[in-house]
Amino acid sequence: MGDAIDNLGAGFATFADPAYLVLALVGVVLGTVVGVLPGIGPIGAMSVLLGMTTQLGPTGSLILFAGIYFGSTYGGSTTSILLNVPGEASSVVTALDGHAMTKRGRAGPALTIAAVSSFLAGTIAIFGLMMSAPWLSGLAVKLGPPEYLALCVAGLLLLAALAEGSAAKAIVMICAGLAIGTVGIDPAGGQLRFTMGSDALAEGFSFIALVMGVFGVAEALTMVGRHRRPEPVRAPRLRELLPSGEESRRAAPAAVRGSVIGFLLGLVPGPAAVLSTFASYVTERKISKDPGRFGKGAVEGVAGPEAANNAAAGAAFVPLLALGIPFAPTMALVLAALLLNGIVPGPTFVADQPELFWTVIAAMYIANLMLLVLNLPLVGIFTRLLSIPPQALMPFVIGLCVVGVYAENNSMFDVVVMLVAGLLGFVLRRAGYSMAPFVLAVVLQPTLEVSLRQTLAFSDGDPGYVLGRPITMVILGLVVLAVALSVRRAFRARRAVSPRPGRVPEEERAS
């Protein structure tokens with residue numbers, strides 16, 4: 001513990017450089033803005049800025065992206081509470097009781113409870129990251145190719161099972177991502193594959209071009225069809241922000257419970273932030289002595305989900321930094337920023353890059369404090385951003401994407417790839433396909449392929465080699481269990497919607 005405190009102190013000392021403080025401030029403000037504006041989100045903002053990371057360096061890139069991620073998780077709650085317009089999918093649950101509090105004239109306390117709960121959860125999650133990542137890195141050094149193969153398979157299958165919408169469509173996008181990832185040089189033999197004679201594809205498709213296309217350009221095209229009429233909103237005055245003693249008493253334990261739930265679920269592949277908010281909300285309703293208050297302005301329904309949301313955001317960095325495996329699309333972009341700067345996260349990351357790791361931990365603490373200090377006084381400014389027509393943002397977003405992609409390799413081919421990916425992403429999103437599984441599959445494909453080949457080589461065709469590794473079997477067993485539960489839930493939901501022929505639904509029998 002003493003070494004961790006000393007290392008954290010060294011990380012804070014890095015911020016004597018004002019440039020890092022500016023990057024942290026820019027990150028949290030930009031993250032809050034994209035969290036407030038419905039649809040853009042941290043993925044869109046990070047993908048647009050990905051091309052700038054080589055100029056910022058690994059430390060600056062991580063500080064900026066961490067600020068954007070933390071800021072966006074908080075920003076979505078502002079419009080959820082005031083306007084019942086969730087800026088992020090993870091803020092949908094907050095709107096249930098947050099907006100009900102606004103209707104009762106308690107918008108100020110709702111915003112304060114959301115902010116303080118987010119700060120508490122962020123602090124707990126960062127502390128958990130600080131303590132668990134070095135320990136997990138030491139454990140990960142002992143993992144071999146079968147374990148990494150199992151982790152990659154687990155990440156992709158759990159993402160498909162837990163993703164919103166059709167699991168079959170998620171699997172299709174995973175297969176497409178794995179196929180795209182194979183284009184280029186064969187890592188084992190060194191031969192070119194699937195390049196169709198194109199020299200531009202010798203190193204594969206540019207990840208920046210793909211991500212900016214399916215997220216940045218596709219989102220800009222989606223903005224064109226949005227016709228949103230902003231509602232007038234009165235931001236609460238500073239003296240109206242304080243919650244009552246009863247509200248604080250109810251919110252505090254809910255925030256602590258939400259922090260624990262969010263951190264644990266943040267370690268699971270898939271949409272952890274969304275799942276954690278629902279899990280926290282359900283937990284608070286179950287343990288409440290008066291569950292009828294929920295949906296009518298219960299402060300626990302604001303504190304718990306907001307804490308879970310932010311704790312999951314902090315926990316998402318643990319598998320990335322300790323294992324080198326991103327379990328969420330945003331973490332895939334953070335991984336890309338590190339790789340562009342020549343940094344490979346993984347089991348030896350904390351030992352090889354201690355200055356970078358502890359500086360990032362310090363940056364998270366600073367960004368978390370900045371969010372608490374800035375967002376409540378500036379809530380009026382952030383809500384006025386909703387008056388910006390979405391169509392006005394389209395040229396700006398596409399322009400940044402084009403400049404960022406071209407600046408990476410000075411290649412017009414990459415710009416064409418980005419535009420084509422954007423058009424395909426736009427069409428597929430309208431057809432109900434999620435881009436998150438595609439991006440994660442592209443990122444995990446090299447690790448998956450290398451681990452598979454090494455496992456096959458070491459096993460020499462003997463399945464006992466894999467069956468005799470307990471960690472691998474535990475990981476795969478948990479995946480099978482999670483997928484089975486997901487299939488069972490989907491089957492039960494389908495039966496509830498479409499009863500068997502000749503069976504009278506319960507509603508009709510009751511009538």
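1. A nonpolar core is a set of buried Ala, Val, Leu, Ile, Met, Phe, Trp, Tyr and Cys residues joined through side-chain atoms within 4.5 Å. In this structure, which is a predicted model, the largest such core has 129 residues, and those with the most contacts inside it are Leu50, Phe65, Phe207, Phe317 and Ile361. Helix α6, residues 107-140, supplies the largest share of this core, namely 14 residues.

2. Helix α3, which spans residues 41-49, is mostly covered, with nine of its nine residues buried. The buried residues of α3 include Gly41, Pro42 and Ser47 as well as Ile43, Met46, Val48 and Leu49.

3. Helix α6 also takes part in a helix pair with α4 (residues 53-83), the two axes coming within 10 Å and crossing at roughly 160°. Angles over 145 degrees count as roughly antiparallel, and α4 and α6 are therefore roughly antiparallel to each other. The crossing in which α4 passes α6 is right-handed. On the α4 side the contact is made by Phe70, Tyr74, Ser77, Thr78, Ile81 and Leu82, while α6 contributes Ala107, Ala110, Leu111, Ala114, Ala115, Ser118, Gly122 and Ile126. The spacing of such residues can be read against a general rule: an α-helix has 3.6 residues a turn, so residues three or four places apart point the same way.

4. A search of the whole structure finds eleven salt bridges. In one of them the side chains of Glu147 and Arg469 meet, at 2.9 Å from N to O. This pair links distant parts of the chain, since Glu147 belongs to helix α7 (residues 145-162) and Arg469 to the loop between α21 (464-467) and α22 (470-497), 322 residues apart. Glu147 counts as buried because its relative accessibility is 4%, the cut-off for buried being under 20%.

5. Asp186, at 14% relative accessibility, counts as buried, whereas Arg453 is partly exposed, with a relative accessible area of 34%.

6. The other bridge joins Arg193 to Glu449, whose closest N and O atoms are 2.8 Å apart. Because Arg193 lies in strand β2 and Glu449 in helix α20, the pair ties together parts that are 256 residues apart in sequence. Both Arg193 and Glu449 are buried. Elsewhere, salt bridges that share partners join Glu246, Arg249, Arg250, Arg293 and Glu300 into one network.

7. Although Val214 and Leu424 are 210 residues apart in sequence, their C-alpha atoms are 7.4 Å apart in space. Not counting residues up to four places away in sequence, Val214 touches Ala421, Gly422, Arg429, Met435, Phe438 and Val439.

Terms used: Residues numbered from 1 in each chain as written. Predicted model: local features only at pLDDT ≥ 70, side-chain atom pairs only at ≥ 80, totals over all residues. Heavy atoms only, no water. Buried < 20%, exposed > 50% of the residue type's maximum accessible area, 1.4 Å probe, protein only. Helix = DSSP H or I, 4+ residues; strand = E, 2+ residues; numbered from the N terminus. Salt bridge = Lys/Arg side-chain N within 4 Å of Asp/Glu carboxyl O. Axes fitted to C-alpha atoms, helices over the stretch in contact; angles between N-to-C directions. Parallel < 35°, antiparallel > 145°, perpendicular 65-115°, else oblique. Left-handed = near helix turned anticlockwise from the far one by under 90°. Contact = heavy atoms within 4.5 Å.
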